[in-house]
Amino acid sequence: MPAGPAVPVPATVPPAAVAPSSPARVRASWQRSERYGVTPEEVVPVYADGVPTDSLFYECGAEVVRALHGTLAGEPVGFMLTDPQGLVLGRWCDDPAINRSLDRVHLAPGFYFGEQTAGTNGLGLALADRVPTLVRGDEHYVAPLRRYTCAAVPVLDPRGGGLVGSINLTTWSQASSDLLLALAQAAAGNTTALMQVRAGGGAPLPPTRGTVFHVLAGQCPAGDADPCTSAGWRAAVASVRTAVAAGRVVAVVGEPGAGRATAASLARRAAGLRERVLVARPPAAEDVAGWLALWSPELRAPDTCVVLGDADALPAWAAEQLAADVAAAGRPPGAPSPLVVTAAGYTALPEALRTLVDAVVEVPPLRHRPDDVEPLARALAAQLRHREVEFTPRALRTLRAHAWPGNVRELRAAVRDAAARTDVVDVQHLPPGVLSEAARPLTRLEQLERDEMVRCLTRPGTTVGRAAAELGLSRATLYRKIAQYRISV
């Protein structure tokens with residue numbers, strides 16, 4: 001349920017806040033650069049001992065950028081890949097003059113070039129606001145960078161939507177820059193598509209739309225139906241409850257899908273507070289302004305708490321406005337904070353939110369909480385069918401044995417798919433991926449082969465010999481492929 005009616009976007013977040021180059025975004029970046037203590041006279045080098053080039057993003061991005069660079073041979077343009085923190089992973093340029101110039105300002109592999117190091121610049125602002133960005137000559141904060149124009153585009157992981165890096169194109173400030181951003185966007189799009197293919201194909205994630213909904217209200221009654229009983233889960237909820245009672249701003253961290261927002265919501269209720277708990281998750285960066293305006297007024301309500309999920313996905317300007325809204329909420333010292341945030345880790349939070357947080361609690365991933373798998377599976381199936389659903393012993397053994405890289409989110413999808421097809425869930429009703437622990441992402445053809453093998457092997461009363469005959473394989477080949485895909489039946 002929405003937290004309230006939509007209201008006009010505050011003046012501090014103009015509609016142009018996500019334009020590739022807007023005075024509002026540049027001014028905000030200059031202010032952050034000044035707070036970070038960046039000197040405007042020179043780029044102070046910050047060097048990393050070793051450049052990680054073994055990621056899927058680097059493999060795909062380097063292939064795309066090399067091809068694009070080859071079509072612009074001899075042009076004074078530097079092509080760069082960076083990680084999410086602005087560490088330059090690679091640079092491609094065959095113009096000697098601009099190469100020497102970029103070396104002098106340390107825009108080179110092994111050096112950090114984010115806002116905190118180099119002030120306002122294209123790649124730093126693109127990573128901070130998570131939108132395509134063009135920064136021209138005098139818009140740079142550090143004087144030596146004003147001879148360049150920089151276009152940068154953040155790259156998101158097609159499998160999970162997380163920020164994996166950026167693609168940056170830099171040329172002289174007096175050169176035409178009309179096509180620079182378009183080239184960077186094309187390279188970023190091709191990189192994402194190539195990552196999707198090499199990660200095993202499948203449909204790409206739909207663009208995130210953001211959410212605001214009313215999740216809990218009132219005090220937590222005795223015997224509240226929290227199905228999780230593991231020591232790790234209970235300890236995390238208790239730690240959040242203690243921090244909330246002490247009036248601290250809490251960051252609940254851990255892997256996506258592990259139950260971070262649920263732990264925060266349950267802890268708020270268990271603390272004995274009579275309040276509404278709203279959960280909000282950010283949309284794509286270009287839609288954040290309206291989404292933030294929808295619910296941020298609720299921070300001033302004395303009986304409301306907002307659990308902000310995936311706060312590490314917020315653009316820098318939105319994190320700054322949110323921090324200002326929390327400060328303006330005006331709750332007395334020691335009173336519970338109106339905000340709880342969740343993120344992959346404390347350091348992943350935008351700097352404006354890190355300064356607010358004074359307690360960090362980690363929720364263990366589901367693979368470290370095997371005692372929670374069975375009660376969670378039963379509860380999730382009952383949510384779908386509105387009654388108890390039975391699980392065979394071997395189905396429960398299979399669920400407990402799986403590593404659940406997607407955590408509770410993956411378990412929910414697996415259980416609901418199975419419970420929608422039967423009253424008694426057995427192994428053959430579970431998704432093939434639950435019975436396989438492949439050491440690497442599978443191609444679409446490999447997935448089809450694995451799924452067909454699992455279908456045959458899980459049929460009641462089957463044997464390996466019968467499955468091999470149906471698949472047209474020898475027993476030895478089937479055993480080899482079972483080991484290859486790490487199929488456990």
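## Ground rules

Because the model is predicted, local features are reported only at pLDDT of at least 70 and side-chain atom pairs only at pLDDT 80 or more, while totals for chains, interfaces and linings take in all residues. Numbering starts from 1 along each chain as its sequence is written, and side-chain values rest on heavy atoms, with hydrogens and water left out.

Eight residues of domain 1 are in contact with 11 residues of domain 2, where contact means heavy atoms within 4.5 Å. Together the two domains bury about 740 Å², 46% of it on carbon and sulfur atoms. That buried area is the accessible area (1.4 Å probe) that two parts lose on being put together, summed over both. On the domain 1 side, Arg 32, Asp 129 and Arg 130 supply 50% of the area buried against domain 2, more than any other three residues.

Arg 32 and Glu 320 pair up in a salt bridge, at 3.7 Å from N to O. Helix H1 (23-36) and helix H5 (122-129) are the elements that give two or more residues to the side of domain 1 that touches domain 2. H1 gives the most, with three residues. Helices here are DSSP runs (H or I, at least four residues), as are strands (E, at least two), numbered from the N terminus.

## The main nonpolar core

The largest nonpolar core holds 57 residues, and those with the most contacts inside it are Val 250, Val 307, Phe 391, Leu 399, Trp 404 and Leu 411. Domain 2 and domain 3 each put at least three residues into this core. By rule, a core is a set of buried Ala, Val, Leu, Ile, Met, Phe, Trp, Tyr and Cys residues joined through side-chain atoms within 4.5 Å. Setting aside residues up to four places away in sequence, Leu 399 touches Val 373, Ala 377, Phe 391, Trp 404, Leu 411, Leu 430 and Val 434.

## Helix H8

Helix H8 (residues 260-270) is mostly covered, with nine of its 11 residues buried. Buried means under 20% relative accessible area, exposed over 50% and partly exposed in between (1.4 Å probe, protein chains only). The buried set includes Arg 260, Arg 268 and Arg 269, along with Ser 265 and Leu 266. Just past H8, Gly 272 adopts a positive phi of about 80 degrees.

## Two loop residues

Asn 121 is in the loop between helix H4 (115-118) and H5, and counts as buried because its relative accessible area is 1%. A polar atom of its side chain lies 3.2 Å from the backbone oxygen of Phe 113, and one lies 3.2 Å from the backbone nitrogen of Leu 123. Beyond its neighbours within four places in sequence, Asn 121 has contacts that include Val 135, His 140 and Leu 145.

Thr 347 is placed in the loop between strand S10 (339-343) and helix H11 (351-354). Thr 347 counts as exposed because its relative accessibility is 68%. Asp 312 is 35 residues from Thr 347 in sequence, with 8.8 Å between their C-alpha atoms.

Key. Domains from an automatic or database assignment. Salt bridge = Lys/Arg side-chain N within 4 Å of Asp/Glu carboxyl O. Polar contact = N/O pair within 3.5 Å; in protein donor to acceptor, adjacent residues only side chain to side chain.
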